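Please look at the sequence and the structure first.

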Amino acid sequence: MHDMPTDPRTREFRGMVMPQAEGLAMLVSRRGAVTTSFNYLARVPALAKTYWVGYTVRTTPENPTGRRAARLVYEYLGRDTQLILNAARTAGYASAEELVPFHRKQLRIDEPFV
């Protein structure tokens with residue numbers, strides 16, 4: 001989308017994870033980047049061992065045409081190497097229609113983030 005290199009060094013992210021009262025907070029940045037993302041995730045009560053939902057905020061100046069905050073859904077894949085590699089190989093941008101119904105529901109794509 002932004003014509004950035006896809007080599008492993010460029011795709012490397014680093015950060016830290018901190019426990020929160022009902023979830024996790026993370027500060028994450030790309031190698032050599034000058035901005036950071038703040039992520040917050042909490043377990044979905046009915047699916048506590050699998051799904052985490054929350055939001056991410058980019059540390060950039062306000063821009064009327066860009067978004068600095070968005071909802072997130074993380075899915076714990078366990079230790080199944082084949083499942084993990086398959087998820088990694090199919091990662092990337094997806095349209096709302098390509099998402100599984102649960103992800104679509106949690107992301108609330110048609111609702112603004114407030």
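The model is predicted: local features need pLDDT of at least 70 and side-chain atom pairs count only at pLDDT 80 or more, while totals for chains, interfaces and linings use all residues. Residues are numbered from 1 along each chain as its sequence is written, and side-chain values use heavy atoms, leaving out hydrogens and water.

Rings of Phe, Tyr and Trp (its six-membered ring) pair if their centres lie within 6.5 Å; planes under 30 degrees apart are stacked, over 60 edge-to-face, and the rest tilted. There are 4 aromatic pairs by this rule. One of them is tilted and joins tyrosine 40 to tyrosine 55, at 5.9 Å centre to centre and 40° between the planes. Phe38, Tyr40, Tyr55 and Phe113 make up one aromatic cluster.

## Tyrosine 51 and phenylalanine 102

Tyrosine 51 and phenylalanine 102 also form a tilted pair, with centres 4.4 Å apart and planes at 45°. Tyrosine 51 is buried because its relative accessible area is 14%, whereas phenylalanine 102, at 22%, is partly exposed.

## Strand pairing

Strands (E, at least two residues) are DSSP runs numbered from the N terminus, and two of them pair if DSSP finds at least two bridges between them. S3 and S4 are antiparallel, with 7 bridges. Arginine 43 has tryptophan 52 in S4 as its bridge partner.

S4 also pairs with strand S5 (residues 69-75), in the antiparallel sense over 7 bridges. Opposite valine 53 stands valine 73 in S5.

How values were computed. Buried means under 20% relative accessible area, exposed over 50%, partly exposed in between (1.4 Å probe, protein chains only). Helices (H or I, at least four residues) and strands (E, at least two) are DSSP runs, numbered from the N terminus.
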